[in-house]
Each structure stands twice: as structure tokens, then as C-alpha cells.
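I opened the file to look up helix packing, the sheet and the ligand shell. My entries follow.

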Amino acid sequence: MADRFSRRQFLITAGLAGLALKSPVLFANTSGSTALSPIMRRIPGTDESTPAIGMGTWITFNVGGDEQLIAQRIEVLKTFFELGGTVVDGSPMYGSAADVMGEALNALDGHDRIFAATKIWTGDESETRAEAARSSRRWGVDQFDLLQVHNLLGWQGHLETLKQMKANGEVRYIGITTSHGRRHREFAQIMEREPLDFVQLTYNVLDREVEDRLLPMAEERGIGVIVNRPFQGGSLFRRFQSEPLPDWAGEAGVGNWAEFFLKYIISHPAVTCAIPATSKVEHMKENMGALYGKLPDADQRQRMADYVRSL
Ligand SMILES: NC(=O)c1ccc[n+]([C@@H]2O[C@H](COP(=O)([O-])OP(=O)(O)OC[C@H]3O[C@@H](n4cnc5c(N)ncnc54)[C@H](OP(=O)(O)O)[C@@H]3O)[C@@H](O)[C@H]2O)c1
């Protein structure tokens with residue numbers, strides 16, 4: 001375990017040395033040891049913490065059997081690990097992404113480093129265990145850290161089985177997902193009455209509906225929150241990247257637009273992690289910059305939301 005830790009620490013340090021050259025904010029912070037400390041969030045009700053930036057795999061890892069694209073995705077995952085990431089989110093819905101993840105984990109010997117999260121995505125409520133087992137084989141993991149019912153599909157039956165699986169030690173955490181603001185009323189009802197460890201939902205600086213009810217409820221009920229679509233599927237870059245950052249961005253710990261979008265999300269007290277997806281090593285480096293340095297405070301968060309609205 002000690003060896004594994006020091007190897008991991010070495011990799012993070014080496015990765016950060018490269019990142020510091022790219023991020024003025026991180027570079028400015030490298031004088032203190034905090035620059036080497038990733039922003040961690042405790043999973044509610046446990047002593048376990050996970051890094052506040054994870055990784056999604058929808059589309060980006062669904063590259064079929066193309067060896068060149070698979071090799072590129074292995075580099076993306078390698079960079080993610082080197083910069084301190086652990087939480088990876090998948091789903092059987094994401095085509096070949098699970099097989100590509102399995103190949104990448106094998107290539108990087110990454111099974112001990114990953115917090116593996118996938119979903120149950122089938123209308124057949126008797127298939128929960130079988131689908132989890134299929135995903136385990138594809139990822140090459142003994143079991144998942146987190147299993148989530150994807151988009152509430154067949155949630156009653158799946159959740160009953162997931163509760164049994166958790167009680168039997170077949171999975172560590174269980175949850176439900178939604179995205180694009182879908183079915184929030186029903187989502188809230190399930191959060192109210194089911195013993196969930198995590199919810200996954202869409203939240204970003206332009207799509208803030210969950211700030212009203214779901215995020216406060218998660219905080220109050222001790223449910224971890226994983227944030228999908230942190231860049232609104234990439235459209236936030238298309239819309240704002242040619243605009244200047246506000247001149248006070250550095251004070252809020254923000255050195256580029258990726259950090260702006262991600263730090264807005266992870267500075268919300270209810271959020272456990274955001275899971276941006278990318279197919280590119282350079283973008284992964286930018287995104288992982290948000291895992292280090294200062295976070296905006298409540299006033300700065302308000303200014304961030306106001307600023308993008310003003311553009
Ligand atoms: N219902 C659900 O459970 C549900 C629904 C939706 C999503 N999810 C999960 O959430 C994850 C994230 O959501 P998402 O993939 O829909 O969207 P996203 O993470 O908001 O955006 C991904 C897009 O942003 C681009 N991008 C990433 N980093 C960038 C950077 N630094 N600069 C410029 N462009 C950048 C990527 O393009 P490049 O490849 O060019 O970097 C990609 O096109 C998914 O992968 C999935 O795991 C779950």
C-alpha cells in the first residue's frame with residue numbers, strides 16, 4: 001500500500017510539474033505545498049474522500065475497435081491519473097466505452113487507482129445483477145465502487161436489488177442519475193425516501209435549476225452529488241471561449257475557461273465531484289487544473305454566474 005501511495009504521489013507530482021507550466025493560477029500557487037494537494041470531497045456519511053474532478057466517458061471513449069483512437073484514450077486516462085483523478089463514470093449505454101475503459105485500465109495497470117462508477121441501464125428489472133456482472137467483465141474490475149440506475153429506467157426493481165447488493169458487499173455505493181433537467185420532481189421524491197449514497201445530475205454555470213431544490217436536499221440528506229454535463233456537452237466552450245475571462249478571475253482561482261466552468265460547480269458545498277468528458281490530453285490537463293488551487297467563495301460564484309449571463 002505504501003509503495004502504491006508513493007508511486008501515485010510521484011506520478012501526481014510529475015504530472016503537476018507539467019500542468020503548472022500551463023496554468024498561471026496553479027503556477028502562482030506552487031510556492032506552497034497546497035499546490036500539490038488535490039481538492040478532495042468527503043462522501044457523505046463516510047470517512048472516504050474522492051477528488052472533486054472525475055471523468056465521464058460518454059461519446060469520448062466510445063471509439064469501437066480503432067486501435068489509434070484507443071491508444072489516444074489510454075493517454076487521456078493516463079493524464080487523468082497522473083494529475084490525481086480517480087472517479088470515472090460509464091454506462092452500458094455508452095457503446096464500446098466500457099471495453100475501451102477495460103483496455104485502458106489493463107494498459108495502465110489502473111485497477112487499483114480507479115473509483116469505478118457505472119450504471120444499470122435496462123428496462124428489465126430482473127437484470128440488475130446480470131448487467132452489473134457484464135459491466136465488471138468489460139471494465140475488468142472485480143466489482144464497482146458505485147452502481148447507479150441510469151435515468152431512472154426501471155428504478156424500483158433495480159434499486160431494491162442494488163440495496164441487497166450493497167448489504168452483501170457486492171457494491172460499495174448506490175445511486176440514481178438524471179440529466180438535462182429531466183424528471184426532477186420524481187428524482188426528488190426518490191431522494192426523499194430511498195437510502196441513496198449518490199445522485200448524478202446536470203449542473204453548470206448556465207443550467208442552475210438544481211440549485212433551487214436538488215442540491216440543498218442532497219446536502220441536507222447526506223447524499224453525494226456527481227455532476228454530469230459540466231460543459232453542457234461542450235457548448236459552453238463554443239459559446240464563451242472567444243470571450244475574455246473577467247479581470248478578477250485569478251482572485252477566484254481561475255486561469256482559463258475550463259477552470260471557470262468546473263470551479264463554479266465544485267465550489268458548491270453539496271457537490272462531491274464533476275465528471276467532464278474529453279477525448280484530448282490537452283483538454284484533460286486544462287480540466288484537471290480545476291482540481292488544484294483556490295476555489296471561488298459565495299460572492300465570487302455569484303459574480304461568475306452574472307458574468308456569463310452578461311456576455
Ligand atoms: N443521464 C446520465 O447519467 C448522463 C447524461 C449525460 C452525461 N453523463 C455523464 O457525464 C459525462 C459528462 O457529460 P458530457 O460528456 O455529456 O458533456 P461535457 O463533459 O459537459 O462536455 C464534453 C465535451 O466538452 C469538450 N471538452 C472537454 N474539455 C474541454 C476543454 N478543456 N476545452 C474545450 N472543450 C472541452 C469535449 O470535447 P473534446 O473531446 O474535444 O475535449 C466534449 O465534446 C458523460 O461523459 C457521462 O459520463 C451522464
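I note that the model is predicted, with local features needing pLDDT of at least 70, side-chain atom pairs counting only at pLDDT 80 or more, and totals for chains, interfaces and linings using all residues. Residues are numbered from 1 along each chain as its sequence is written.

**Helix pair.** I looked up the axes of helix 10 (residues 257-266) and helix 11: they come within 8 Å and cross at roughly 45°. The axes are lines fitted to C-alpha atoms over the stretch in contact, with angles from 0 to 180 degrees between N-to-C directions. A258, E259 and L262 of helix 10 meet E286, N287 and G289 of helix 11 (C-beta atoms, placed from the backbone, within 7 Å). Helices are DSSP runs of H or I, at least four residues, and strands are runs of E, at least two, numbered from the N terminus.

I read an open sheet of 8 strands in the order 3-4-5-6-7-8-9-10, with parallel pairing (at least two DSSP bridges between two strands). Strand 3 (55-56) and strand 10 (273-274) stand at the edges with a single partner each, so one side of each lacks a neighbour in the sheet. V88 has A116 in strand 5 as its bridge partner.

**Ligand.** I listed 30 residues around the ligand, of which G56, W58, S179, N228 and G234 come nearest (C-beta, placed from the backbone, within 6 Å). Helix 11 (residues 281-289) gives the largest share of the shell, 3 residues.

Terms used. Contact = placed C-beta atoms within 7 Å.
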